[in-house]
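Here's a quick briefing to read alongside the model. Have the sequence and the 3D view open as you go.

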Amino acid sequence: MLYSNRTITESKKKKRKKRKKVYTNSTTVTMRSRNNLLHIFLKENVLKFIGLCFYLGTTFAAAMYILGAIEIFLKYLIPQAAIFHPADIHAGSGAMLNNMRVYGTICLTLMAVVVFVGVKYVNKFASLFLACVIISIVSIYAGAIKSIFHPPEFPICMLGNRTLVRDLFDVCGKTVVVGNDTVPSQLWKNFCSSENSSSAHCDEYFLQNNVTEIQSIPGLASGIIKENMWGDYMDKGQILEKASLSSVDVHGSMETFGFYVSADIATSFTLLVGIFFPSATGIMAGSNRSGDLRDAQKSIPIGTILAITTTSLVYFSSVVLFGACIEGVVLRDKFGDAVSKNLVVGTLSWPSPWVIVIGSFFSTVGAGLQSLTGAPRLLQAIAKDNIIPFLRVFGHGKANGEPTWALLLTGLIAELGILIASLDMVAPILSMFFLMCYLFVNLACAVQTLLRTPNWRPRFRYYHWALSFLGMSMCLALMFISSWYYAIVAMGIAGMIYKYIEYQGAEKEWGDGIRGLSLSAARYALLRLEAGPPHTKNWRPQLLVLLKLDEDLHVKYPRMLTFASQLKAGKGLTIVGSVIQGNFLECYGETQASEQAIKNMMEIERVKGFCQVVVASKVREGIAQLIQSCGLGGMKHNTVVMGWPYGWRQSEDPRAWKSFINTVRCTTAAHLALMVPKNVSFYPSNHERFSDGYIDVWWIVHDGGMLMLLPFLLKQHKVWRKCKMRIFTVAQMDDNSIQMKKDLATFLYQLRLEAEVEVVEMHDSDISAYTYERTLMMEQRSQMLKQMRLSSAERDREAQLVKDRHSLIRMGSLYSDEEEETIEVLPEKTQMTWTNEKIEAERRNRSNAPENFRELISIKPDQSNVRRMHTAVKLNEVIVNKSHDARLVLLNMPGPPRNPEGDENYMEFLEVLTEGLERVLLVRGGGREVITIYS
């Protein structure tokens, strides 16, 4: 069986430095070259593991060629050399495989020794191997033409329509004439238990059908191509039958099964594609000779296209000639059992069958030698490029550069293919690696063209990305067509190699195409995000974490990053920012060092995000820059996280807490949410686990739902997962506390949040400072709770009016020096569930504000400070009493005063409000709903 047809055309060498061109056909293998195919792949930004796929494919190709040579040797050249012999006619396959393992190992060892001694000896035989291939191909065409006039005499024996094994009898007949007597033939003895002519002990099928003899090669003019035109795939053990012969269909004895020619494996189109494909694995092998070419960019495309054209013509014409000259049962007879183990192609050829036998043997031996020559050099090139760390040892070799260690590894891998022994099983493995190689080469070419990468400048003009995409699709389809389970395993191996290179591989100057594809995808996604603001259903905190660095440029409070990682759990956007005070021209080095320190800490705390450090003359200006400019397009932060200015009371320099209040004002002006973790050093690390405890939410004013959403997000992390959620809301003495608790529980049920609800009653004088915003903020909360008592039909009507928009009522400060006189309506930024009727009612409520609210406006500053401090003390007493054992307390953060003169009192207010609590998270909403019952 001819497993490989190799045609290599080289220009004659008149001078040593004369220009060369290499035309490769479908099974040409790699030759020695420093500037080999792997370098071309890598320097053109193709995925880095293509070289390994090509190496593994070439290595298994060596095993396949060696097995092909051994099969020809044992079946057609010297069958007597077999070491293992079958015990019976049913055990022939196992013995043959063992023989191929032994002789294959010996042949591989000898070839490896030849390659180790020197590649020059391999190159000397290249012309001989080439001549054998050309002569073999020419002899087949000559034999096909000769069969038109004089077909070869090459009969096969048929019983009914079944094909018989020719080696098991001498005469194709049931009886023979010896002298004047008719006696049973050897065939009769095989099917009958007695040598007499009695039919009582013979196989039923043998008795009912006649024995005939037909020509196995009827010739080109016989018209046999009509019968061979369509496929006839067989199951394992199925007997080869000729459909055009008449036969009596009776069940024969199983004892006579071994006398028929049968299929050794189940065949199908997918299987045959996988077996045949290795004959087309040398198309790119000429690229490995690029070091020997004067103008590789010109010669390789021309040589490869000519190789494809030549190979395609040879293969297609050979298939047509075989189908037009040879009987179908003989074409499907894998081992030539019907023709006494003779090589059918050899019988067809002219002038002698030995031309094909010897040519095929030398062709496969030469292909194996050249595979063992090229594969170690591919591996050595990969190792020297330092792409894959564990392969570095294989970059070393002899003093003259011969890849000794790479040859050893190649031999071991090839030995695995030899031990498989079956060509039908090795061929699909080989096909997978080459198909993956071609697939990713096509993918890389298509991606580079579509991305218009500046360094992608192919000289070959007759190219379009759709052609590469079509080739990629065909390669992927062929992988699963030939063997879907091999395809899955091969792709899994390739994926692991790629991920290993990505995480452990060295950085090279040529990069890869995936980065360009990622940039293009990121640009497309960012443009899509610009289409409009995010819906409430999709809202999640996109964090800007403001860090403070110490004098050594180290992160002062790493737990800020820990809290961010627990809150985000790797989802959404996280930007970590910091400010260095000074001049950018003088502080550039410090900026780089700071960014690296922050990135290292982010990696330790498992924060997935970005880092940005700015240099400004004042810290507050730098923070304002970060708040304004961080992010890109739709990927911008909506929440700022900053630390509490510890020790502000004892500090003589007020800039620290002044910067804190200025940041609060900036976030309010930018309509961003704000989170201030107080006592952040006591926050749990990522390695701690809370087995119980509560996360307490003190819902004093409605802030868009931030206080409700944050505990839910924290509980997604393993640190807070077992904590329970409690919600406390403050009511005045004249409020219906029972109804408020019931409404809030219904509201949480609609939000699908599990939490305990408790209503805390306080005197109006105790929360007077908060009543600045109660007219608006408390009414907003009450309005949402009232909606829970609507009927189902009314709720459906209300749902129609729900729009994602910024608050119709501007969320003013919870701690302010003056009352707003007007309601600012922002229809283009709406999101609260408000109707026109509710807006009118809200305006009436504002005009009919309680007298004590108006009295509060006229309070003198000192009196106001006293009232505010009274509020902070009273609220703190209640919070500490209820939440002293809580793992985390979330509080509404009042807004800063409009008059900067009250900044210090504001800080004192917050300090007193949170005194005695271990972990506090002050939260201020950004002026939009972040969670609704409809999301």
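F480 is partly exposed, with a relative accessible area of 36% (partly exposed sits between buried, under 20%, and exposed, over 50%, using a 1.4 Å probe and protein chains only). This is a predicted model, where local features need pLDDT of at least 70, side-chain atom pairs count only at pLDDT 80 or more, and totals for chains, interfaces and linings use all residues. Residues are numbered from 1 along each chain as its sequence is written, and side-chain values use heavy atoms, with hydrogens and water left out.

**Surface patch**

- F480 sits in helix α16 (helices are DSSP runs of H or I, at least four residues, numbered from the N terminus).
- L476, F480, W484, Y485, I488 and M491 make a nonpolar surface patch of about 610 Å².
- α16 (465-482) and α17 (484-504) each supply at least two patch residues, and α17 has the largest share, with four.

**Cores**

- The largest nonpolar core has 72 residues, and Y55, L391 and M436 have the most contacts inside it (a core is a set of buried Ala, Val, Leu, Ile, Met, Phe, Trp, Tyr and Cys residues joined through side-chain atoms within 4.5 Å).
- α2 gives the most to this core, with 18 residues.
- Leaving aside neighbours within four places in sequence, M436 is in contact with C53, M479, A490, M491 and A494 (contact means heavy atoms within 4.5 Å).
- Another core, of 52 residues, lies apart from it, with A564, V615, W720 and V757 among them.

Methods:
Patch = residues over 30% accessible without salt bridge, like charges linked within 9 Å, V, L, I, M, F, W, Y side chains within 5 Å. Areas by Shrake-Rupley, 256 points an atom, 1.4 Å probe, with all protein chains shown as cover. Salt bridge = Lys/Arg side-chain N within 4 Å of Asp/Glu carboxyl O.
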